[in-house]
Amino acid sequence: MQTIKQQWFGNVRGDILSGIVVALALIPEAIAFSIIAGVDPMVGLYASFCIAVVIAFVGGRPGMISAATGAMALLMVPLVKDHGLEYLLAATILTGIIQIVFGVCKVAKIMKFIPNAVMIGFVNALAILIFMAQVPHFLGISTMTYIFVAVTLIIVYTLPRFVKVIPAPLIAIVILTTIAIFSGVELRTIGDLGNISQSLPSFLLPNVPFSLETLKIIFPYSLALAIVGLLESLLTSQIVDDMTATESDKNKEARGQGIANFINGFFGGMAGCAMIGQSVINVKSGGRGRLSTLVAGMFLMFLILVLGNLVVQIPMPVLVGIMIMVSIGTFDWGSFTYLVKAPRTDAIVMLATVVIVVWTHDLSKGVLAGVLLSAIFFVVKISTTNIIKQDMHYMVEGQLFFASADSFVNYFKNADIQEKTITIDFSNSHIWDDSGVAALSKTKDLLREKGIKVEIVGLDGPSQKIVQQLDGMSSSH
Amino acid sequence: MYKHILLAADGSENAVRAAKEAVKIAGLSNETLIDIVYVADFEKAKSDVLHASSNSALLLERRKKVQNAEQVINAAGIMYKVTILHGIPGPEIIKYANENQVDLVIIGSRGLNKLQEMVIGSVSHKVMKRVHCPALIVK
């Protein structure tokens, strides 16, 4: 891993340029995610500023961009609706504390147990929810709205072929906002949905009663936010690791996300996490170090301070067009081939994750269900023991443990065995636990009653050991 | 003679044909090393990471992309190594070739993604224009 100095100043020019590009691309998203969450655009902008700046110092993955995100915004919708902004800020602080605890407990190891079917389902569900959140902002409003959404999409998809340095969404915003202002067309603007205040965030304690009651309200949200935030952050860090062919400290990143959210909550920001899309933009634009993340956060705040009164004039349909692009970019288009080619159980897990998230509007529930379902599939898969009979030789294939013990015994209970002596071969098997040993001795007893002599062969070292320990009296091999 | 030949590989049939030409040229000398280069495209990073069950699986998937070209060279008994780069295929190959002072770049005329090439222009064309050494484009 690089030294701290390299992480900061190893790529100054590239980092500053890419940080500026990211800041420009970040503003529309921060605003759109605030609108999804049901709070003022400033909440998302402050969050993006605070998180980016803090994570630049304490994150584990240099060059990764963290800010207000769609995944987190979607989780907080009911909390904001029922209890308001102050509870969201309190929940954000608690999210930070939970994430720090997770990080200290080395949560990155647990990430390995989340199968990729669940992660694919996660990004797909996220893409679908981001798209669904845009629908009320363009469906059946006016013809002009449709036209502006369509033109925005055309710009963001065709322009990057000709203009590579400036992010296309920004160009779409500048051109279409200008047209909207000067042509005087009737369009809803960001200003209709919330305020932009041209001021720096300030330190405030969330105005909530400091009581058990409050904790009861915010804890479920904070836990879900903490899990989803870490999930997306660790996935993003893997992507950045891969793109830059470097390694990163996942547990430090988890702690860093926690510290960033903890501080962010006191400065009026909503909980956030790492962003796949923005991090990819950063690396593609030449960003590699911590400086890129810092510049992105600082420059974003600078732009809001200077241009805040212009930002409120951005027409909503333009923002909607950009968010449709974001959702298309978030969706994993390889999923369709995956559904056909992947093992049937994996495809089911992926679909189940998507369906549950879209159904409940809660990414954490989908992930939890996906992990549980794949765990069940896994147990079912390895708990099927296959026994292949060759004359008097019975070959056991598969694992013998609590879940497969019964089927193993039943095989010999029901088998019509003519031979007087048989061998049971464990060369392709392994005995894992007491149940496995019990199944074996039960089978021996069973066959003895039928008057059949059994010889056990091919037990591997650990299996032999566990059999001897638990089955000491009747070791017949 | 050419001592260090860069062969761009992406798993396509064209890359295999390019490998066969590389073998012909490398076979003229005993000291020639063929550097089989595969670029893991930035555009596919997210999808690659999502669909790989582990880092080792990801590496294996990418090694598979050069396998067909590798087999051709291995069968001919020519010295070779495999390099996996990360970036945008055209510019990354150019950068690598120029930085490592490669003597010759061999590349298939068309990769796997025809649609993309219609839109952004061919990787081989870009490489040919901007590498500092001779380039062989194999049809």
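How many helices and strands does the secondary structure of chain A come to? The count is 21 helices and six strands, where helices (H or I, at least four residues) and strands (E, at least two) are DSSP runs numbered from the N terminus. Keep in mind that this is a predicted model: local features need pLDDT of at least 70, side-chain atom pairs count only at pLDDT 80 or more, and totals for chains, interfaces and linings use all residues. Residues are numbered from 1 along each chain as its sequence is written, while chains are lettered from A and ligands numbered from 1 in the order in which they are written.

**Chain A overall**
- The C-alpha trace of chain A spans about 95 × 50 × 45 Å along its principal axes.
- Chain A has 477 residues, and 49% of them count as buried (20 or more other C-beta atoms within 10 Å of a residue's own; 12 or fewer is exposed, in between is partly exposed, and C-beta atoms are placed from the backbone).
- Among contacts in chain A with a separation of 6 or more, 84% come from residues 24 or more positions apart; a contact is two C-beta atoms, placed from the backbone, within 7 Å.

**Helix H7 of chain A**
- H7(A) covers residues 116-138, and its 23 residues reach 34 Å from first C-alpha to last, close to the expected 33 Å (1.5 Å times one less than the number of residues).
- Since 17 of those 23 residues are buried, H7(A) is largely enclosed by the rest of the structure.
- Just after H7(A) comes A:Gly140, with a positive phi of about 65 degrees.

**Helices H19 and H20 of chain A**
- The axes of H19(A) (residues 405-414) and H20(A) (residues 434-449) come within 9 Å and cross at roughly 10 degrees.
- That crossing makes the two helices roughly parallel, the label for angles under 35 degrees.
- Residues that meet here include A:Phe408 and A:Phe412 from H19(A), and A:Leu446 and A:Leu447 from H20(A).
- The contact residues divide into eight nonpolar, three polar and two charged (Ala, Val, Leu, Ile, Met, Phe, Trp, Tyr, Cys and Pro are nonpolar; Asp, Glu, Lys and Arg charged; the others, Gly among them, polar).

**A:Val457**
- A:Val457 sits in strand S6 (residues 453-457) of chain A.
- It counts as exposed because it has 11 C-beta neighbours inside 10 Å.
- A:Ile424 is 33 residues away from A:Val457 in sequence, yet their C-alpha atoms are 6.2 Å apart.

**Where chain B touches chain A**
- Here 13 residues of chain B are in contact with 18 residues of chain A.
- On the chain B side, H2(B) gives the most, with seven residues.

Definitions and conventions:
Axes fitted to C-alpha atoms, helices over the stretch in contact; angles between N-to-C directions. Parallel < 35°, antiparallel > 145°, perpendicular 65-115°, else oblique.
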